[in-house]
Amino acid sequence: AKADAAARVSAESKVGAALEAARAADGKSAAAQKREALVRAESSAARRELRGARADLELRAAQVDESTRRAEEAEAALLAARSQLRAQADRHAGAQAAERALAADTHRSLRERLM
């Protein structure tokens, strides 16, 4: 009977230790699951943030492209205006030269008549 009682105590002690080990393993498993859920949530948040940043970057790139296009159009318009102004200045200079030549011709003609 003593041996049975000692065996029973030993078995109960082993069962208790096994239950304690199972509870500890359950606790560790629950903690690991919580950490895993936290990591998934953080990963999801990081992906959302990345998508937002990518969208902002694409929008800014489109704005830069539009600004560049407008600047190039303005530069082309400026070059065209300069070309027109040069042509106009050349015509004006030619007209002035013709007027001076005509005035000199007229002056010479009048001088010849007066002499």
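Helices (H or I, at least four residues) and strands (E, at least two) are DSSP runs, numbered from the N terminus. Counted that way, the protein has 1 helix and 0 strands. The radius of gyration, taken over C-alpha atoms, is compared here with a globule rule of 2.2 Å times the number of residues to the power 0.38. The protein comes out at 49 Å, well over the 13 Å that the rule gives for 115 residues, so it is more spread out than a compact globule. Along the principal axes, the C-alpha atoms fill a box of roughly 165 × 15 × 10 Å.

A word on the ground rules: this is a predicted model, in which local features need pLDDT of at least 70 and side-chain atom pairs count only at pLDDT 80 or more, while totals for chains, interfaces and linings use all residues. Residues are numbered from 1 along each chain as its sequence is written, and side-chain values use heavy atoms, with hydrogens and water left out.

Ala5 and Leu110 are 105 residues apart in sequence, and their C-alpha atoms sit 154 Å apart in space. Ala5 lies in helix α1. For Leu114 and Glu99, 15 residues apart in sequence, the C-alpha to C-alpha distance is 22 Å. Leu114 also has its place in helix α1.

How much of such a protein is tucked away? Buried means under 20% relative accessible area, exposed means over 50%, and partly exposed is in between (1.4 Å probe, protein chains only). On that scale, 0% of the 115 residues count as buried. Leu114 is exposed, at a relative accessible area of 76%, and Ala5 is partly exposed, at 31%. Accessible areas come from the Shrake-Rupley method with a 1.4 Å probe, and for residues only the protein chains shown count as cover.

Next come the charges. Side chains of opposite charge can pair when their charged atoms come close. A salt bridge is taken to be a side-chain nitrogen of Lys or Arg within 4 Å of a carboxyl oxygen of Asp or Glu. By this rule there are 6 salt bridges. One of them joins the side chains of Glu20 and Arg23, at 2.9 Å from N to O. These two residues are 3 apart in helix α1 (residues 2-114), a separation of about one helical turn. Glu20 counts as partly exposed at 49% relative accessibility, whereas Arg23 counts as exposed at 51%.

Further along, Glu66 forms a salt bridge with Arg70, and the closest N and O atoms are 3.1 Å apart. Both residues lie in helix α1, with a spacing of 4 residues, or about one turn of the helix. Glu66 is partly exposed at 29% relative accessibility, while Arg70 is exposed at 53%. A salt bridge also links Arg108 to Asp105, where the closest N and O atoms are 2.9 Å apart. Arg108 and Asp105 are both in helix α1, 3 residues apart, again about one turn. Both are partly exposed, Arg108 at 47% and Asp105 at 44%. Salt bridges that share partners also tie Glu66, Arg69, Arg70 and Glu73 into one network.

For the overall charge count, Lys and Arg are positive and Asp and Glu negative, with His and the chain ends not counted. A charge is placed at NZ of Lys, CZ of Arg, CG of Asp or CD of Glu. The 22 positive and 18 negative charges of the protein have mean positions 4 Å apart. Patches are made of residues with over 30% relative accessible area and no salt bridge, joining like charges within 9 Å and nonpolar side chains (Val, Leu, Ile, Met, Phe, Trp, Tyr) within 5 Å. Arg47, Arg48, Arg51 and Arg54 gather in one such patch of positive charge on the surface, and of these Arg51 lies in helix α1.
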